[in-house]
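Dear colleague,

I am handing over the structure we spoke about, and it is placed just below this note. Please look through it first and then read on for what was found in it.

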Amino acid sequence: MRATRRTLAALLVLAAAVSCTAAHGDDAEPPHASAVLTPYERLLPAPVSARASGGAGYAFGPGTVIRTGPGPGEEVRRVGELLAEQLRGPSGLPLPVVDGEEGSGDGDGIRLRLDARARELGAEGYRLRTTPSGITLTAHAPAGLFRGGQTLRQLLPVRGAGEVPGGDVTDTPRFAYRGAMVDIARHHFPVDQVKRYVDQLAQYKINTLHVHLTDDQGWRIAVDSWPRLAAYGGASEVGGGPGGHWTKDEYRDLVAYAARRYVDVVPEIDMPGHVNAALASYAELNCDGKAPERYTGIKVGFSSLCVGEERTYEFIDDVLGELAALTPGRYLHIGGDEAHSTPAADYAAFMDRAQAVVAKHGKTVVAWHQLANARPAPGAVLQYWGTDKTAAAEKAAVATAARSGHPVILSPADRAYLDMKYDKATKPGLAWAGYVPVQRSYSWNPGTHLPDVPESAVLGVEAPLWTETIATRADWELMAFPRLLGIAELGWSPSASLAWPGYRERLAAQGPRLTAQDTAYYRAPEVPWE
């Protein structure tokens, strides 16, 4: 009798879960249903279209190969090799990569195909079809094949070997720019840790890594023409630690590593404020010719380059020129926030010249949204980090710039800042923008978030991680995960798919995958983790 009651109760829970999952109501709070979702319903970010066929799927085995044909080209071959590497680890299968089409009737694995006619898929879209004879990934460009490969990883069991159920996925991104930022200036982190983050980002279709390389507490990139920046200015960090910096070869290695995963690196040299590490390194950058002490606290707004000195502009030309030569991507970020020690007129004059230097070196300016109160150069991108409480006039300045043709990246601090505490019990992190639990981080719409900024002006979204209180990989990952996955979905998925009840179930299904990858994540109480 007790066994019968347990069976009946389980069936009732299952029925309720399926009903709530099907409803997808914004206000519904479904029970823990992720255990009964099909692999196609678990995908994160949510694709444009995904459906199980109901038929047999494809079973991975020792004979499975990855075929890159017809006429693959070197880049598609590289996509196949990387996908094989990602799948071999958890599955233990050999997964050789073979050029060309199948040699016989039925397929024997994964087929990667470029289709010049599939223009509707754009640069990153893809189609994925699974049948008993194999899996076919089709895209218009190699980046789309890579994104589709990350979807395939989620369709496989967490440990890698097993069956992908029959079905179809068609997918394209909502926004072109889907980013994450890491601050290595407040606390220094080695390149290998940032590479690990690149892999974590790419798995969820984030395509941009913004690296905050310099601040009051440390200068983290070698500059040949100003060697003391890294040697002296890099030898400090918050709390008085030893700091450190990246060599140019290390930076090149990171950029190449990210590029193979279709992640662009956007470097940031913050100016005219947040520059104490530079001022401490070279007395000539100070208006009084006296270098201050290195700084290891977390206050902001007290430092400024000497706007009236020509040597200042020789400095930024040298620094940005060397960095531009190392960075194949289109953007250079020049900061521009919290320049409280620079008078408004001086700030505007300085940013005019700094933007001209960026253009001189063939790059497009990205700056924090305070640039809207100066004179943004044609095409300059504004990164908005305000909160719900930001003054209406400040938001209006961004909207005016957007209407004038300046794309906007949205990083609202009370939604997307990964260093904000989840709640008062969170040990690392800050709370100046308020607590940001997982549901709040996810529950906003980038297309309508800023008044009078239409979706057409939104370049995308970015989740910054500032490191005043973060000095270890464990704290980094605890603060980034799982909130980063929600920002990834806001950037990729169609707006019609953005509903918390369905998202929390799909997020819960990612728990075992994060655990298997040794990712230290916060088990948010509002998510029914598996």
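This is a predicted model: local features need pLDDT of at least 70, side-chain atom pairs count only at pLDDT 80 or more; totals for chains, interfaces and linings use all residues.

Gln 150 has its place in helix α3, and its side chain is joined to that of Gln 86 by a polar contact of 3.1 Å. If the neighbours within four places in sequence are left aside, the residues in contact with Gln 150 are Gln 86, Ala 202, Gln 203 and Lys 205.

The sheet comes next. Seven strands form an open sheet with mixed pairing, and their order is β1-β9-β6-β7-β5-β3-β4. Because β1 (49-52) and β4 (97-99) stand at the edges, each has a single partner strand, and one side of each is left without a neighbour in the sheet. On average, and with direction ignored, neighbouring strands of this sheet are turned by 15° against each other. Within the sheet, strand β3 (residues 65-68) and strand β5 (residues 109-114) run parallel and are joined by three bridges, and Ile 66 stands opposite Ile 110 in β5.

Two helices can be described together with this sheet. Helix α2 (residues 73-91) packs on it and touches β3, β4 and β5, with a direction that makes about 160° with that of β4. Helix α3 (residues 142-155), which holds Gln 150, also packs on the sheet, where it touches β5, β6 (126-131) and β7 (134-139), and its direction makes about 40° with that of β6.

How do helices α6 and α8 meet, and at what angle do their axes cross? The axes of α6 (residues 248-260) and α8 (residues 310-326) come within 10 Å and cross at roughly 45°, and the two helices are therefore oblique to each other. On the α6 side Lys 248, Tyr 251, Arg 252 and Val 255 take part, and they meet Glu 322, Leu 323 and Leu 326 in α8. Sorted by class, this contact has four nonpolar, no polar and three charged residues.

Finally, there is Val 458, which is found in strand β19 (residues 458-465) and counts as buried because its relative accessibility is 7%. Apart from neighbours within four places in sequence, Val 458 is in contact with Phe 175, Val 408, Leu 410, Pro 446 and Val 453. Val 458 and Arg 504 are 46 residues apart in sequence, and their C-alpha atoms are 25 Å apart in space.

Note on methods. Residues are numbered from 1 along each chain as its sequence is written. Side-chain values use heavy atoms; hydrogens and water are left out. Axes are lines fitted to C-alpha atoms, for helices over the stretch in contact, and angles run from 0 to 180 degrees between N-to-C directions. Helices (H or I, at least four residues) and strands (E, at least two) are DSSP runs, numbered from the N terminus. Angles under 35 degrees count as roughly parallel, over 145 as roughly antiparallel, 65 to 115 as roughly perpendicular and the rest as oblique. Contact means heavy atoms within 4.5 Å. Ala, Val, Leu, Ile, Met, Phe, Trp, Tyr, Cys and Pro count as nonpolar, Asp, Glu, Lys and Arg as charged, and the others, Gly among them, as polar. Two strands pair if DSSP finds at least two bridges between them. Buried means under 20% relative accessible area, exposed over 50%, partly exposed in between (1.4 Å probe, protein chains only). A polar contact is a pair of N or O atoms within 3.5 Å; within protein, one must be able to donate a hydrogen and the other to accept it, and residues adjacent in sequence count only if both atoms are side-chain atoms.
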